[in-house]
Amino acid sequence: MSNYRHHIGSGGYCGIEVRDMHPRISQNFTYVSSCVKYMIFMLNFIFWLFGGLLLAIGLYAFKDKWESTGSVRLESFYDVILNISLVLMIAGVVVFVVSFAGCLGALRENTCLLKFYSMCLLLFFLMEMAIAIMGFVFPQNMNSFLEETFTDKIIHSYRDDPDLQNFIDFAQQEFKCCGLSNAGYQDWSKNEYFNCSSPSVEKCGVPYSCCINATDISSGLVNIMCGYEVQAHSVAAASKRIWTSGCIEIVRVWAERNLYAIAGIALGIALIQLFVIYLAKTLEGQIDLQKSRWSA
């Protein structure tokens, strides 16, 4: 908008003075919101620290395992994903790198890093949604896949990996189950130490974590022999001493009973991820606007 005003000079010249009524943008003005910028930075700084912690724990566990066993078997894909220390290290590296890209991209206003960061978050979101859909829409298919894919590998590796052994014992005690598949406690016949043809003293047995009463109340000591010879018994007889159902089915039933809580947590995580992606894309747009202003 312009304002026109007639002006008569001292020499009798009559002219028109034009005044531009558009407000001029201050030289200090920036399109980049400090609130958005530092919110992304702080969120990713927290996850950067968390990623570093995961990596440190994984390295420590891997070092401890190497010193105790003298070797770490990495012959197949299953050896990697069933190695808890390696999984922690890989997860730590991924979280560390992605959150560092978010931190640095926001702080330095670097659109390349922010694009990498938002694309990684989108990829994680899509993977989580795919797993959630498979789990909620096709639970039986997911059950079958897990049983066929992991049962033999996990059972075989029980004594070979101390971390995996501790994890299986924890899961069996917490969920009151034994074995993984629908075969239940009979899954342990696939382990070379618990097989009935094994020369081991544990032959035809199961781990102590399958036992209903593994801990002696008076002494507080764990009876590691409580599961010996139970594979030779019928389900009815074995159920008096151990949990007989497989863990995968027990976990599925537990998930169905807590469906709304799990769905609520999953939805909350998904909304947070989408919000952070929105913030990153918003900051990208603001940086592009600021660059276009500088180049104008």
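Guide: A residue is called buried when its relative accessible area is under 20%, exposed when over 50%, and partly exposed in between, with a 1.4 Å probe and protein chains only. This is a predicted model, in which local features need pLDDT of at least 70 and side-chain atom pairs count only at pLDDT 80 or more, while totals for chains, interfaces and linings use all residues. Residues are numbered from 1 along each chain as its sequence is written, and side-chain values use heavy atoms, with hydrogens and water left out.

The structure holds 4 disulfides, a disulfide being a pair of cysteine sulfur atoms within 2.5 Å. One of them joins C196 to C204, with an S to S distance of 1.8 Å, and 115 degrees about the S-S bond make this link right-handed. C204 is buried, because its relative accessible area is 8%, whereas C196, at 41%, counts as partly exposed.

Another disulfide is formed by C211 and C226, whose sulfur atoms are 2.0 Å apart. Both cysteines lie in the loop between α6 and α7, so the pair ties together parts that are 15 residues apart in sequence; here helices are DSSP runs of H or I with at least four residues, and strands are runs of E with at least two, numbered from the N terminus. C211 is buried at 6%, and C226 is buried at 12%.

A disulfide also joins C177 to C247, at 1.9 Å from S to S. This pair links distant parts of the chain, 70 residues apart, with C177 in the loop between α6 (162-175) and α7 (235-238) and C247 in helix α8 (residues 247-257). Both C177 and C247 are buried.
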